[in-house]
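User: Hey, could you walk me through this one? I'd like to know what packs against what.

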Amino acid sequence: MKRNWAELVDAVRESGQYPTRAEAERVTRVVLSALGGHVTGDERVALARALPEQAARVVAGQIPATRPLTAAEFVESVAARIEGATTATARWDVSSVLSALPHWAGDELVDRILAQLPPGYALLFGRAELMPTA
């Protein structure tokens with residue numbers, strides 16, 4: 001059974017300890033919108049399929065980024081989209097949303113998404129950053 005938008009927002013609200021549902025929903029939209037521009041190809045399609053319909057539209061409706069942002073640049077781009085946000089609060093917001101995604105998308109898809117993104121994103125998804133061995 002596919003979960004709905006309210007369940008995703010509730011998961012983000014719990015993860016980020018947001019005082020209101022509206023705040024959790026706003027953060028969820030902003031972060032998924034930013035992510036949608038950076039996940040491409042089959043992974044983007046699979047992510048959209050795995051998410052509730054409203055979230056899928058937010059992800060799929062983004063124009064692909066011309067260049068991948070580093071994890072720090074990604075957080076800064078989210079900070080710029082949220083009124084009054086700092087880099088620290090944006091990092092919290094990003095992690096609150098991205099750490100909820102494996103529950104919907106599954107670990108295998110998240111692994112594929114992380115393989116597509118520059119190093120540093122794993123921590124935003126609530127995972128350890130695994131460094132390739134030499």
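This is a predicted model: local features need pLDDT of at least 70, side-chain atom pairs count only at pLDDT 80 or more; totals for chains, interfaces and linings use all residues.

User: Ok, which residues are buried in helix 1?

Analyst: Trp5, Leu8, Val9, Val12 and Gly16 are buried there. They sit on the same side of helix 1, because they cover an arc of only 95° around the axis.

User: Why would they line up like that?

Analyst: An α-helix has 3.6 residues a turn, so residues three or four places apart point the same way.

User: What covers the buried residues of helix 1?

Analyst: The cover includes helix 2, helix 4 (53–60), helix 6 and helix 7.

User: And what caps the N-terminal end of helix 1?

Analyst: Asn4 does, with a side-chain oxygen 3.1 Å from the backbone nitrogen of Ala6.

User: What follows helix 1?

Analyst: Gln17 does, and its phi is positive, near 55°. Gln17 belongs to the loop between helix 1 and helix 2.

User: How does that phi compare with the general rule?

Analyst: Most residues other than glycine have a negative phi. Gln17 has a positive one and isn't a glycine.

User: Is Gln17 buried or exposed?

Analyst: Exposed, because its relative accessibility is 65% and the cut-off for exposed is over 50%.

User: Moving on to helix 2. What does Glu25 touch?

Analyst: Glu25 lies in helix 2. Leaving out residues up to four places away in sequence, Glu25 touches Trp5 and Val9. With Trp5 there's a polar contact between the two side chains, at 3.1 Å.

User: How accessible is Glu25?

Analyst: Its relative accessibility is 22%, so Glu25 counts as partly exposed.

User: What about Ser33, buried or exposed?

Analyst: Buried, with a relative accessible area of 15%. Ser33 is in helix 2, and it touches Val58, Gln62 and Arg81, not counting residues up to four places away in sequence.

User: And Gly36, what's in contact with that?

Analyst: Arg44, Val59 and Gln62, leaving aside neighbours within four places in sequence. Gly36 is in helix 2 and counts as buried, because its relative accessibility is 0%. Its C-alpha is 9.2 Å from that of Leu47, eleven residues away along the chain.

User: Let's switch to the nonpolar core. Which residues touch the most other members?

Analyst: In the largest nonpolar core, which has 43 residues, those are Leu32, Phe74, Val78 and Leu98. Helix 2 (residues 21–36) supplies the largest share of this core, seven residues.

User: Take Val78, then. What does it touch?

Analyst: Val30, Val31, Ala34, Ala90 and Val94, again not counting residues up to four places away in sequence.

User: Last one: how far apart are the end C-alpha atoms of helix 6?

Analyst: They're 16 Å apart, which agrees with the 16 Å that twelve residues should span at 1.5 Å a residue. Helix 1 also has twelve residues, and its reach of 16 Å from first C-alpha to last is close to the expected 16 Å.

Conventions. Residues are numbered from 1 along each chain as its sequence is written. Side-chain values use heavy atoms; hydrogens and water are left out. A nonpolar core is a set of buried Ala, Val, Leu, Ile, Met, Phe, Trp, Tyr and Cys residues joined through side-chain atoms within 4.5 Å. Buried means under 20% relative accessible area, exposed over 50%, partly exposed in between (1.4 Å probe, protein chains only). Helices (H or I, at least four residues) and strands (E, at least two) are DSSP runs, numbered from the N terminus. Contact means heavy atoms within 4.5 Å. The expected span of a helix is 1.5 Å times one less than its number of residues. The arc is that of the directions from the helix axis to the C-beta atoms. A polar contact is a pair of N or O atoms within 3.5 Å; within protein, one must be able to donate a hydrogen and the other to accept it, and residues adjacent in sequence count only if both atoms are side-chain atoms.
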